[in-house]
Amino acid sequence: MHYPSKKFIRFLIVGGINTLFGYSIFIMLILLNFRYEIAVLISTMCGVLFNFKTIGTFVFKNKNNKLIFKFILVYAMIYFLQLFFLKQLLSYKINLFVAEALILLPLALVSYTLNKIFVFSKLEQRKR
C-alpha cells in the first residue's frame, strides 16, 4: 500500500492553517459586500506572503526568499482557476460559501503539485 509522503502530510497540515487564514479573509470581505472576484483577489494576495513562508519553511524545508516570484506565479494560476471554478459552481446556483469550500481541496492539490515541481523543486534546492 502506498502512503502519502511526510512532505505531503506537512503540506496538508500547513495548508489547513493557510486555508483558514485565507478563507477567513474571504468570508469577511464577502460579509462586507465585496464582489467575490475582489474578495478572492484580496484574500489570495494576503495569503501569498504568509503561505510562502509556511509552505517553504515547514513543507519543503526551503527558506530561499528568491523563490517568491515563482510562488506568486503559482498563486496567480490558482487565483484564475479559483475564479473559473467559482463561476461554474455559481452558475448552478450553489451558495458562494459552499462553492468556495468545494474547490478548496482540489485547488490545494494543484497548489502542492505546482509548488513541488515549479517553486520548491530539487533543482531549486541545488541552486541555493
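Which helices each supply at least two residues of the lining of the largest pocket? They are α1 (6-31), α2 (36-59), α3 (68-91) and α4 (96-119), where helices are DSSP runs of H or I with at least four residues, numbered from the N terminus.

## Basis of the report

This is a predicted model, in which local features need pLDDT of at least 70 and side-chain atom pairs count only at pLDDT 80 or more, while totals for chains, interfaces and linings use all residues. Residues are numbered from 1 along each chain as its sequence is written, and side-chain values use heavy atoms, with hydrogens and water left out.

## The largest pocket

About 490 Å³ of space lies in the largest pocket, and of the 24 residues that line this pocket, N18, T19, N51, Y75 and L104 are the closest to its centre. A pocket here is an open set of points on a 1 Å grid over the protein atoms alone, where a 1.4 Å probe fits and protein lies on both sides within 12 Å along at least five of seven lines; lining residues have an atom within 4 Å of a point. The volume is the space filled by probe spheres set on the points, which are joined across faces, edges and corners.

Helix α1 gives the largest share of the lining, nine residues. By type, the lining residues divide into twelve nonpolar, eleven polar and one charged, with Ala, Val, Leu, Ile, Met, Phe, Trp, Tyr, Cys and Pro counted as nonpolar, Asp, Glu, Lys and Arg as charged, and the others, Gly among them, as polar.

Among the buried residues of α3 are F71, Y75, Y79 and Q82, buried meaning under 20% relative accessible area, exposed over 50% and partly exposed in between, with a 1.4 Å probe and protein chains only. What covers the buried residues of α3 includes α2 and α4.

In helix α2 is found T44, which counts as buried because its relative accessibility is 14%. Leaving aside its neighbours within four places in sequence, T44 is in contact (heavy atoms within 4.5 Å) with Y75, Y79 and Q82.

## The salt bridge

The structure holds one salt bridge, a term for a side-chain nitrogen of Lys or Arg within 4 Å of a carboxyl oxygen of Asp or Glu. In this bridge the side chains of E37 and R35 meet at 3.1 Å, N to O. E37 is partly exposed, with a relative accessible area of 22%, whereas R35 counts as exposed at 57% relative accessibility.
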